[in-house]
Amino acid sequence: DQPAASANVGGEDLTIINIDLLEEQAQKKLTAFAYAFVSGAAGDEWTMRENRRAFQDFPIMTSRLTGIKKESIDTRTALMGMVLPSPIMVAPMGVHGVVSEQAELATSAGAGAAGVLYQSSGASTKPLEQIAETTNGPKWFQLYFNNDIGVTRSLLQRAAAAKYSAIVLTVDALGPGGSDRVRRLGTSVPRPKFVFGNHDPRFGGSGDFRNQKENLTWDDIAFCQEASGLPVVVKGILRAEDAVQAVKAGAAAVQVSNHGGRQMDGVPSSISVLPGVADALGGKVPIIVDGGVRRGIDVFRALALGADAVAIGRPVLYGLGVGGARGVRSVLDFFNTELKTAMLLAGVEKVDAIGRGNIVMRQFV
Ligand code: FNR
């Protein structure tokens, strides 16, 4: 089903040459604070750079003379009981209000218009119910587990009531991530007030967003499942052993991620650890990966190395900043179009058929 573009899809269509050029446009358009906040990462930003560089460790191997033509390229992806038009989704990112006044209402509308699954951050500017109303596409709710168990339970119940179809439990962010880029700006530029809509009492919220549970345990996965009645995706896994343990503890899927390098600098890139996680899980549950995906060929490589779906972070916020909801849709269309081209050129008709044989396996971490 092709979702109809909703009335909320404002903004402007963007011609996207590539994401680096889009980032340049975003830098010109966004406030200094917003650009530093979105583009930055922790420490020396080694992990953030490595997220991109490491894709180069996996050159693509192609098949020739396959008889496949453009029209038959099929990116439909079966994932957790759904059939998505493509394996691309939007990664959860907090406070889109820093980038655009419409905040997540524009981002989620753009994702819906592109037919792309929207992972809604627990730290959104707008409350989760309003975001749910503005996207006509599939959506998951990302939870920051609150120390106050009543607050956590209420968020999980609200997500289920608003028809999010899964909970994404983020386990790699035990506090706010820091960035030297942001710190360096200091008081030289105006700082927006961070608004966390899910915690606003006017929308049924209570409690302090920043009161996050640091000492998460494996039992918290089952709690999320039971309190929401929804499948739980555990986001922020790097170790294969942790992936196996998460599944034992009830995870319905695993999201391999280092939070875009925004939490601990020095940890490996997502793509380098993906093959190990995929081997350890052996197809038991779906794997989503995010971090440094900037091209259709990156999506292709992630699928080849064992991911079932791929989440996009910063590029979506650059699209939001430059073109609003339509800008977001343009970014997602760019990835979908590039993925189709990659599949055609590699000689693979369906996403399921993309596998290790499509990669020259030179290096493992
Ligand atoms: C994030 N990320 C994130 N993750 C999460 O689980 N909850 C959140 O609220 C946020 N917030 C957030 C804000 C901003 C501005 C960014 C850029 C990222 C991490 C995000 O989900 C994802 O893991 C990375 O962004 C993926 O890397 P790329 O695509 O940005 O390289």
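Mentor: Start with a term. Two strands count as paired if DSSP finds at least two bridges between them. Strands of a sheet pair through backbone hydrogen bonds, either parallel or antiparallel. Keep in mind that this is a predicted model.

Now take one pair. Strand β5 covers residues 139-143, and strand β6 covers residues 167-170. Three bridges join β5 and β6, in the parallel sense. Look at L143: its bridge partner in β6 is L169.

Step back to the whole barrel. Eight strands close into it, in the order β3-β4-β5-β6-β7-β8-β9-β10. The pairing is parallel. On average, neighbouring strands of this sheet are turned by 25° against each other, direction ignored.

Next come helices that pack on the sheet. Helix α12 spans residues 314-346 and lies across β3 (88-90) and β10 (309-312). Against β3, α12 runs at about 165°.

Follow α12 to another helix. Helix α11 covers residues 296-304, and the axes of α11 and α12 come within 7 Å. The two axes cross at roughly 65°, and the crossing is right-handed. From α11, the contact uses G296, I297, V299 and F300. From α12, it uses F335, E338, L339, T341, A342, M343 and A346. By class, the residues of this contact are eight nonpolar, two polar and one charged.

Then find the ligand. There are 23 residues around the ligand, and A91, G94, S121, G260 and G313 come nearest. The shell divides into eight nonpolar, 11 polar and four charged residues.

The protein chain has 12 helices and 10 strands. Its radius of gyration is 19 Å, close to the 21 Å that the globule rule gives for 365 residues, so the chain is as compact as a globular protein of that length. The C-alpha trace spans about 60 × 45 × 45 Å along its principal axes.

Notes. Residues are numbered from 1 along each chain as its sequence is written. This is a predicted model: local features need pLDDT of at least 70, side-chain atom pairs count only at pLDDT 80 or more; totals for chains, interfaces and linings use all residues. A residue is near a molecule or strand if its C-beta atom, placed from the backbone, lies within 6 Å of it. Ala, Val, Leu, Ile, Met, Phe, Trp, Tyr, Cys and Pro count as nonpolar, Asp, Glu, Lys and Arg as charged, and the others, Gly among them, as polar. Helices (H or I, at least four residues) and strands (E, at least two) are DSSP runs, numbered from the N terminus. Axes are lines fitted to C-alpha atoms, for helices over the stretch in contact, and angles run from 0 to 180 degrees between N-to-C directions. Two residues are in contact if their C-beta atoms, placed from the backbone, lie within 7 Å. A crossing is left-handed if the near helix is turned anticlockwise from the far one by less than a right angle, and right-handed if clockwise. The radius of gyration is taken over C-alpha atoms; the globule rule is 2.2 Å times the number of residues to the power 0.38.
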